[in-house]
Amino acid sequence: MTKSKFDAIVIGAGMSGNAAAYSMASRGLKVLQLERGEHSGSKNVQGAILYANMLEAIIPEFRDDAPLERHLVEQRFWLMDDSSHTGVHYRSDDFNELKPNRYTIIRAQFDKWFSRKVREAGGTVLCETTATRLAWDLNGKVIGVHTDREGGVILADVVVLAEGVNGLLGTRAGLRDMPKPENVALAVKEMHFMPEEVIAERFGLNGSEGCVIEAGGTISRGMAGLGFLYTNKESISVGIGCLVSGLAEGMENPYRLLDAFKRHPSIRPLLAGSEIKEYAAHLIPEGGFKAIPQLFGDGWVVVGDAAQLNNAVHREGSNLAMTSGLMAGEAISQIKSRGGLMTKRNLSLYKGMLDKSFVMKDLIKHKDLPSLLHTDSHNFFMTYPTLISQAAQNFVRVDGAPKINREKATAASFVKARSRWGLISDAVRSAASWR
């Protein structure tokens, strides 16, 4: 491949990489996609949520053959202490629409399907190949990549870095820093298999309907973290993720956190009788807007998790990844169509597209919230969930004890917590006004 020259090389075959490769290949560009796994998705047993609108913008007919699990009709949010949960549920028959809004997927299957679509669009996908370093010309422009295969450099007009949050190609080249522990979460996940009819009965589902549970509270032992449970056709994806900095400071074992989450009285009945067949760990960017690196330069752009494009507040990642990949592909295609070079100035078109989209607008809106959750994680994930549970139990328990005593104790605890929250809020507002 030393004599080959491509319009673009895409590093990685996840959500953002596949979106970028497909968008360029479908527009007639000569695209090479490099994936270090045996096939796209081979290293990813993650269960995930797919946001349909973003994929529909790339492949309008995706519902015809994509490996979709269940369309989501119910969302549950739980605040948990060690023995209970306080929940808010939203379920609507509106989600039983002709073209559903959200689906659960199994990434190993979905990524393989998406990669096939790249090939069908004309892209070249080379698996079991690791890009070891970028190739540069004498003027400091990226002109291709070196790989662990024999044959020398593979040349291209532009390289799209879709290598994930812990990808080394960009960091080795000095294009971005290694992600800080406080800006990355480690999520551990398991796939629990059980008959389709059992899942339907336990969650009150019909046909291909699905339900998602997202939970915060004492399950993360005072660290910023989230537990989750997704219903698939014949399996349940269950996991928990916490900031790497919190895990390191507390010397916590993430698999022990997951085991405790599974044994929680609210979760255990939902998994009873299941068979565990798969488990994995996965790094997720959590730094928000302030952690986004430089997104483009002479001969390169960065997309998806590698660009820290994840909205932790709304628990959105795949839609930002696909959108960034699509926009990178569109920008590169536009530059090529008018005979332009892949210079930093021209590739700024990609950043301009992102800035006008929901991606940057949502991340900017919540730019201070990630740091707030991280700095006061003990109150958010220990104190407040416990107080809410105590208040709920005081309200419903009847045992002859005067309610007034319990109500006073609960009120005093909330006043103390509110005072603490007021100080934090004032500090955040002051910092925001200073900027």
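**Group meeting: a walk through the model**

Let's begin at Ala25: leaving aside its neighbours within four places in sequence, it is in contact with Val31, Val118, Ala121, Gly122 and Gly123, where contact means heavy atoms within 4.5 Å. Before going on, a word on what you are looking at: this is a predicted model, in which local features need pLDDT of at least 70 and side-chain atom pairs count only at pLDDT 80 or more, while totals for chains, interfaces and linings use all residues. Residues are numbered from 1 along each chain as its sequence is written, and side-chain values use heavy atoms, with hydrogens and water left out.

Back to Ala25, which is found in helix H1 (residues 15–25). Helices here are DSSP runs of H or I with at least four residues, strands are runs of E with at least two, and both are numbered from the N terminus. Is Ala25 buried or exposed? Ala25 counts as buried, at 6% relative accessibility; the cut-offs are under 20% relative accessible area for buried, over 50% for exposed, and partly exposed in between, with a 1.4 Å probe and protein chains only. Ala25 and Asp7 are 18 residues apart along the chain, and their C-alpha atoms are separated by 9.7 Å.

Next, please find strand S1, residues 5–11. Six of its seven residues are buried, so S1 is largely enclosed by the rest of the structure. S1 pairs with strand S10 (residues 154–161) in the parallel sense, over six bridges; two strands pair if DSSP finds at least two bridges between them. Phe6 has Ala156 as its bridge partner in S10. S1 also pairs in the parallel sense with strand S2 (residues 31–34), over four bridges, and there Ile11 stands opposite Leu34.

Now for the cores. In soluble globular proteins, nonpolar side chains tend to be buried together. A nonpolar core, for us, is a set of buried Ala, Val, Leu, Ile, Met, Phe, Trp, Tyr and Cys residues joined through side-chain atoms within 4.5 Å. The largest one has 81 residues, and Leu50, Phe62, Phe114, Val145, Leu309 and Tyr350 touch the most other members. Which helix gives the most to this core? That is helix H9 (residues 318–337), with nine residues. Phe62 touches Leu50, Ala52, Leu55, Glu56, Leu68, Tyr103 and Trp113, not counting residues up to four places away in sequence. There is also a second, separate core of 26 residues, and Met80, Ile236, Leu270 and Leu271 are among them.

Over to Val73, in strand S4 (residues 68–80). Val73 is buried, with a relative accessible area of 2%. Not counting residues up to four places away in sequence, Val73 touches residues including Tyr90, Phe95, Leu205 and Glu209. Val73 and Pro100 are 27 residues apart in sequence, and 8.9 Å apart in space from C-alpha to C-alpha.

S13 runs antiparallel to strand S12 (residues 209–217), joined by four bridges, with Ala215 opposite Gly227. S13 also runs antiparallel to strand S14 (residues 235–243), this time with seven bridges, and Leu229 stands opposite Val238. S13 and S14 form a hairpin with three residues between them.

The loop between S12 and S13 holds Thr218 and Arg221. Thr218 counts as buried at 9% relative accessibility, and its contacts beyond four places in sequence include Met80, Asp81, Phe381 and Thr386. Arg221 is partly exposed, with a relative accessible area of 40%, and has a positive phi of about 55 degrees although it is not a glycine.

Another residue with a positive phi that is not a glycine is Gln308, near 60 degrees. Gln308 is found in the loop between strand S17 (300–302) and H9, and is buried, with a relative accessible area of 6%.

Gln308 also takes us to our last stop, the second largest pocket, whose lining includes Gln308, Val165, Arg176, Asp177, Lys180 and Lys290. A pocket is an open set of points on a 1 Å grid over the protein atoms alone, where a 1.4 Å probe fits, with protein on both sides within 12 Å along at least five of seven lines; lining residues have an atom within 4 Å of a point. The volume of this pocket is about 200 Å³, that is, the space filled by probe spheres set on the points, with grid points joined across faces, edges and corners. What kinds of residues make up the lining? Six are nonpolar, two polar and four charged, counting Ala, Val, Leu, Ile, Met, Phe, Trp, Tyr, Cys and Pro as nonpolar, Asp, Glu, Lys and Arg as charged, and the others, Gly among them, as polar.
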